[in-house]
Amino acid sequence: TQGNSFENTAVVQAQHVPGIKFDPDTTFRVRDLIAPGTTNSNSIEYVVEHALTDSTDVTAEGSEYKQSDFDLKLKTATVRKITAYIIVCEEMLEDVEGLNSYISLRLPSKLKLKENYQLLYGDGLGINLSGLTANATAYVDELADSDISEIDVLVSAMKQVRTSEYNPTFALIHPTDALKIKLTKDDNGNYIQPWIFMGNGDITLDGVRIIVSSAITSGDFLVGDGGAAQVFDRRQMTLEMTNTNEDNFVKGMVTVRISERITIAVYRPKGFIYGTFAAALANGSA
């Protein structure tokens, strides 16, 4: 006796999982490392001590006071705009389940990625922001050890921040470099620094929190005092929809755009130390 079969007929409907699936972007924001601020202008001006000749010293009675001189310099951080837009048809917005939520998540996520890059790697040329690495002080090798690791480099960079009388509040590294730190062993296979592991998955070195994020390029490191720079919002992130763009209305299309206007002021470059592990390790082992 032959049993019954469904053949190709969809008698049993598949269960549909709602939403649109996509690979996530980093949720880390570089702006969280430094002081926040807002502005009502299109630029930020601030005065920095450009040069100092310090002759302060003990002085004999009746002798001339010691003369010290300093130069001041006006610096400007220009507000820049980060934008993106997409065009979708009305039918997609009506018929594709979860599309509105997808757009509301995806566009801000991409804008935050570009913001991260500009705050961290903006070179100040053209309409780019002048970011943290462009203004940071270059790492200087002080190790001269035949056997050093990424741990040594980071602790040395923290020392360089402290030498300039700043307090390092973070060290930003890529997950690949964090893996090397976590797995560093001695010749007997024992972990070099088991105390760097924290219960919540964070790492701390020399009392400084290690931030692990793909926002920074693999091989780079940035150690800094978050109070030595400030990010300013002129217009916070705004997501808008309209059907009046070009011929959208007659074609049944909708334009979705997102934008923000921000700038960053790096007040004290000595509060940040930037370098690459490759160069630091090569010099330190010399």
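**Ground rules.** I number residues from 1 along each chain as its sequence is written, and I use heavy atoms for side-chain values, with hydrogens and water left out. Because the model is predicted, local features need pLDDT of at least 70 and side-chain atom pairs count only at pLDDT 80 or more, while totals for chains, interfaces and linings use all residues.

**Entry 1: helix α5.** I started with helix α5, residues 175-182. Helices (H or I, at least four residues) and strands (E, at least two) are DSSP runs, numbered from the N terminus. Which residues of α5 are buried? I found D177, A178 and I181. Buried means under 20% relative accessible area, exposed over 50%, and partly exposed in between (1.4 Å probe, protein chains only). Seen down the axis of α5, the buried residues fall within an arc of 105°, so they line one face of the helix. That arc is taken from the directions from the helix axis to the C-beta atoms.

I then looked up what these buried residues pack against. The partners are α4 (150-163), β6 (170-173), β7 (203-205), β8 (208-212), β9 (220-224) and α7 (277-284). Contact here means heavy atoms within 4.5 Å.

**Entry 2: H174 and P175.** H174 sits in the loop between β6 and α5. Is H174 buried or exposed? H174 counts as buried, because its relative accessibility is 16%. A polar atom of the H174 side chain lies 3.0 Å from the backbone nitrogen of T176. A polar contact is a pair of N or O atoms within 3.5 Å; within protein, one must be able to donate a hydrogen and the other to accept it, and residues adjacent in sequence count only if both atoms are side-chain atoms. Leaving out residues up to four places away in sequence, H174 touches V212, S213, S214, I216, T217 and S218.

P175 belongs to helix α5. It is partly exposed, at 35% relative accessible area. With residues up to four places away set aside, P175 touches V212, S213 and S214. I also checked P175 against E61: they are 114 residues apart in sequence and 62 Å apart in space, C-alpha to C-alpha.

**Entry 3: Q118.** I found Q118 in helix α2, residues 99-121. Q118 counts as buried, with 11% relative accessibility. Its side chain makes a polar contact of 3.1 Å with the side chain of N128. Apart from neighbours within four places in sequence, Q118 is in contact with N128, L129 and G131.

**Entry 4: positive phi.** E165 is not a glycine, yet its phi is positive, near 70°. I placed E165 in the loop between α4 and β6. E165 is exposed, at 71% relative accessible area. D206 is not a glycine either, and has a positive phi of about 50°. D206 lies in the loop between β7 and β8. At 38% relative accessibility, D206 counts as partly exposed.

**Entry 5: the largest pocket.** How much space lies in the largest pocket? I noted about 240 Å³. Its lining consists of V48, E49, K75, S164, Y166, V266, Y267, R268, P269 and K270. On a 1 Å grid over the protein atoms alone, a pocket is an open set of points where a 1.4 Å probe fits, with protein on both sides within 12 Å along at least five of seven lines; lining residues have an atom within 4 Å of a point. The lining divides into five nonpolar, one polar and four charged residues.

Terms used. Grid points are joined across faces, edges and corners, and a volume is the space filled by probe spheres set on the points. Ala, Val, Leu, Ile, Met, Phe, Trp, Tyr, Cys and Pro count as nonpolar, Asp, Glu, Lys and Arg as charged, and the others, Gly among them, as polar.
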